[in-house]
Amino acid sequence: MKKIEAIIKPFKLDEVREALSEIGVTGLTVTEVKGFGRQKGHTELYRGAEYVVDFLPKIRLEIVVTESVVESAIDAIIKAARTGKIGDGKIFVSNVEQVIRIRTGETDEAAV
């Protein structure tokens with residue numbers, strides 16, 4: 001099994017969630033985060049004063065899927081989250097050794 005973490009723009013969340021649902025992903029975890037990469041933040045004006053916003057709001061999605069779904073999940077995230085502009089985000093894929101559903105005690109693929 002694999003864990004897919006995706007950092008995306010906040011306004012793309014609904015599109016990404018729908019795209020993942022269409023390929024059969026039944027659950028995901030969403031966290032509001034802040035960060036920067038090449039986008040480097042930006043300058044804003046507030047009441048006539050200029051200040052720098054270093055960390056930009058982002059959304060971190062986490063899903064755990066079986067090996068057979070990994071590529072289609074990655075493709076779905078890319079297609080739904082892409083705007084073609086800097087700051088679209090990143091996807092990280094890592095191995096998951098074990099999954100346990102607390103309520104039933106099911107393990108691994110049965111628990112996903």
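Two strands pair if DSSP finds at least two bridges between them. The views below use that rule on a predicted model, where local features need pLDDT of at least 70, side-chain atom pairs count only at pLDDT 80 or more, and totals for chains, interfaces and linings use all residues. Residues are numbered from 1 along each chain as its sequence is written, and side-chain values use heavy atoms, with hydrogens and water left out.

View 1. Helices (H or I, at least four residues) and strands (E, at least two) are DSSP runs, numbered from the N terminus. Read from that end, the elements follow the order β-α-β-β-β-β-α-β. Along the principal axes, the C-alpha atoms fill a box of roughly 60 × 30 × 20 Å. Of the 112 residues, 30% are buried (under 20% relative accessible area; exposed is over 50%, partly exposed in between; 1.4 Å probe, protein chains only).

**View 2. Four strands form an open sheet in the order 2-5-1-6.** The pairing in this sheet is antiparallel. Strand 2 and strand 6 are at the edges with a single partner strand each, so one side of each has no neighbour in the sheet. On average, neighbouring strands are turned by 20° against each other, direction ignored. Axes here are lines fitted to C-alpha atoms, for helices over the stretch in contact; angles run from 0 to 180 degrees between N-to-C directions.

**View 3. Strand 1 pairs with strand 5 and with strand 6.** Start with strand 5. Seven bridges tie strand 1 to strand 5 in the antiparallel sense. Look there for Glu 5, which stands opposite Glu 62. Now turn to strand 6. Six bridges join strand 1 to strand 6, again in the antiparallel sense. Ile 4 has Val 93 as its bridge partner in strand 6. Ile 7 faces Lys 90 of strand 6.

**View 4. Strand 1 has a covered face and an uncovered face.** Lys 2, Ile 4, Ala 6 and Ile 8 belong to the covered face. Lys 3, Glu 5 and Ile 7 belong to the uncovered one. In a regular strand, side chains alternate between the two faces of the sheet.

**View 5. Each helix lies across strands of the sheet.** Helix 1 lies across strand 1, strand 2 and strand 5. It runs at about 10° to strand 5. Helix 2 lies across strand 1, strand 5 and strand 6. It runs at about 5° to strand 1.

View 6. An α-helix has 3.6 residues a turn, so residues three or four places apart point the same way.

**View 7. Lys 9 is a buried loop residue.** Find Lys 9 in the loop between strand 1 and helix 1. It counts as buried because its relative accessibility is 12%. Leave out residues up to four places away in sequence, and Lys 9 touches Lys 58, Thr 83, Lys 85, Ile 86, Gly 87 and Asp 88.

**View 8. Thr 66 is buried in the loop between strand 5 and helix 2.** Its relative accessible area is 17%, so Thr 66 counts as buried. Apart from neighbours within four places in sequence, Thr 66 is in contact with Met 1 and Glu 109.

**View 9. Thr 26 is an exposed loop residue.** Thr 26 sits in the loop between helix 1 and strand 2 (29-35). Its relative accessibility is 73%, so Thr 26 counts as exposed. Thr 26 and Arg 103 lie 77 residues apart in sequence. In space they are 17 Å apart, C-alpha to C-alpha.

How values were computed
Contact means heavy atoms within 4.5 Å.
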